[in-house]
Amino acid sequence: MKQRISSFEPQPFEQAHIDTVRQLAPECMVLLKNDGTLPLSQVGPLALYGNGARQTLKGGSGSGDVNVRHFVSVEEGLENAGFQITIKKWLNSYEQLINKVQQDYSASLEKEARQKEIDPTFFLLGKKASEPEYNFPLDGAGDTAVYVLARSSGEGTDRKPQAGDINLTTTEIRDILNLNHKYKHFILVLNVGGLVDLSPVQEVQTVLLLGQLGTPTGDALADVLLGKSYPSGKLTMTWAPINSYPSTRGFGAADETNYREGIYVGYRYFDTVQTTVTYPFGFGLGFTSFQIHVDQISVNKDIISVDVSVLNSGAKPGKEVVQVYYSAPQGQLDKPYQELAAFAKTPELQGGQSTKLHLEYNLRQMASYDSQNNNWLLEKGKYLIRVGNSSQNTTIAGVVILDENIISEHDLQIKGTDHFSDWKPEINNMTTATSNLNCPTFTIKNINLNKKTATAAHTPAASTSHSVATWADLKQKRVTLEEFVSGLSDEELIQICLGAYKENHSQSALDVIGNASSQVAGAAGETTHALQHLGVPALVMADGPAGLRLSPQYSMTKNNAQSITTDSTAKADKKQPVYYQYCIAIPIGTDIAQSWNEQLAETCGNIVGQEMEIFGIDIWLAPALNIQRSPLCGRNFEYFSEDPYVSGIMAAAITQGVQKHPHKATTIKHFACNNQETNRFFSNSNVSVRALREIYLKGFEICIKKSQPHFLMTSYNLVNGEHSSNRRDLLTNVVRQEWGFQGVIMTDWLATGGTGEKSTKWPSASAAGDVKAGNDLTMPGTAADKEDLVQALNNENHPYSLKRAYLQQSAQRVLAMIYQLTA
């Protein structure tokens, strides 16, 4: 039940959630280098520098932001811990400079937006001034210095391989190197949501990837620096020079982006071509060291099990992540060097303490996709099982031999690209000789995997007409849901397939970034109100993958929640009581994944679920699990990994945390291939069927089968020439028929053209196309979307001609979810 909090004072849940995130945060940090400087032995004088020292980033911008009461900067966190910051002059000088630079930049963008007649909110989305050059004295007292390097990224803008973004600025390089020479102890802290090129400062020997950890970021860092806690995160994206990623070529092309690398994304590429990287996938140090010993490998029918012992061989406590990979044989299909199959994290181990872990995975996971025959194929030959603690630190621990080809699944056909052929490795370096290996070998013969065969969905048939019923009739079981839907008019069905948009009112930017709910101020939107006369309630949706994005303060006017801003007339109206909605920011998606801890991810989901209950949110528009195809994607901070297995497992764990709370739902997004922000409404991703199946769809499949989230959101972009929201082969055939998704599919906000943006090459997505594809809900809906649905009904000349049965089908799915979440 929603609470209206009338006191400005912090609520008990806020501190409880902050304490939980602070406790979890060190598992998300990745120690990249350490020469023994960390942990520090005690507090004392400390020289603090860098653009993230005081202007610390708790997360990304755009819809990924969270409006918190307060969050702890690095400066504040270190002072809370007892450090004496000795260089306030530097921090003050930088703050004055960056504020002036950002103000001037924003003013110039607003002027440009007005000249182009574009909504300034859209135009400014994700944009930030370039990091300035400066020359402030580096004369802080003490023998220890910390430099905090921050990088902002967000929705609407991609990153660039230039100074102040992927690359360091001249000032940053100069100051980091000078500080490294000047101070006895120097720590480079990375307050970033993705890759930065550290090659110019590689002489620095202590580097901590702090990340962007939400509300208690600064306090969590202080805990780690002092050894009160320890970092145990591992990278979920390979760090390498930006030009070495095959995805860099052609990235950000306005109309067409070609995924020429095929399945060779991230470590699958770097390990296959044996390229030296800066930090490999799965890498991360701790304050101690570990030894991993494989005790036993076993095969029981279609389950491969790996039992390991992990010893903390150092003196300090820590946690280790054991990673199991497989190398498949080269045959009809080319294969990467190795692919992740399973992982597990140890509990805390004291120095000298050991533990045992059991990891297992299904034989089906080692299948590759044969797009010529629409089959998942296990080719005969040797499958090498590798165990280690990063993709470039594994050893062969076992061999599984298949004596024949096995088709594990036959799927429905989907549309791929014919623009190019995927890249393939020239040299086969996967078939390592196994005759002299001292490891167990298992030969699997005549195994029956019960091949799964998907069947195409039938064209929906209209349900028979029924008299008009009310929601109360449905709840009292006087009518079935099918009977309720059959009694609705065409217009009512159409309205259910649209969000609660404002009739005769053009959509504003606020409807996109989160101010479109009458029930909860600052929420992103609601399902339709058009059936209120029948008693049908509306569901409330909130954005923010790092927590709920709501208005911190609001008032109630005629039963409508009104956000209060600094210039709001409601704030000046003393007659209206003020209510408060301060939420907690959890770590960004990348950082949650870097924990390699499903329980941690589920706990973060549980925090959000509790706050959904408090503030009356039904649907959280998260988690986002697109593949980190390239470090240049501006929205990578929301996403989990370059690996689909990690992505799917983490999204499922967060979903399970939220769905522990009855009537609370997640929305996994953005389906599919939302891998760049440049021209995001009209960018066409050209991807082969094999790459789609093995890389870009696989994480969604894992999440759906493991946690059955209630909602799925489609992406803005086109996939192989058609908007994802209009792709029936993807949404109905794959998501529903093959994977068994039972929930509601919705669009991203204004995907059908409500922003006013146009393309010279591609049309906008169609609301009628949404319904025909199996995308039930066009959000937030516009008058033009309603007209499109009206024009498509029984009109064979419409590109997405609809029969009433399609509307009934989508409406019934939306109403079923409303019933489930409000019962």
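**Close-up views of rings and a helix**

**View 1. Two arginines sit over rings.** The charged end of Arg 69 is over the ring of Phe 8, 5.1 Å from its centre. Arg 629 likewise lies over the face of Tyr 259, with 4.0 Å to the ring centre. Sitting over a ring takes NZ of Lys or CZ of Arg within 6 Å of the ring centre and within 35 degrees of the ring normal. Keep in mind that this is a predicted model, where local features need pLDDT of at least 70, side-chain atom pairs count only at pLDDT 80 or more, and totals for chains, interfaces and linings use all residues. Residues are numbered from 1 along each chain as its sequence is written, and side-chain values use heavy atoms, leaving out hydrogens and water.

**View 2. Phe 13 meets Phe 615.** The whole structure has 30 aromatic pairs (Phe, Tyr or six-membered Trp rings with centres within 6.5 Å; planes under 30 degrees apart are stacked, over 60 edge-to-face, the rest tilted). Here the ring centres of Phe 13 and Phe 615 are 5.9 Å apart and the planes are at 75 degrees, so this pair is edge-to-face. Phe 13 belongs to helix α1 (residues 12-24) and Phe 615 to helix α14 (residues 598-615), 602 residues apart (helices are DSSP runs of H or I, at least four residues, and strands runs of E, at least two, numbered from the N terminus). Both Phe 13 and Phe 615 are buried (under 20% relative accessible area, with exposed over 50% and partly exposed in between; 1.4 Å probe, protein chains only).

**View 3. An aromatic cluster.** Tyr 49, Trp 90, Tyr 94, Tyr 134, Phe 136 and Tyr 183 come together in one cluster.
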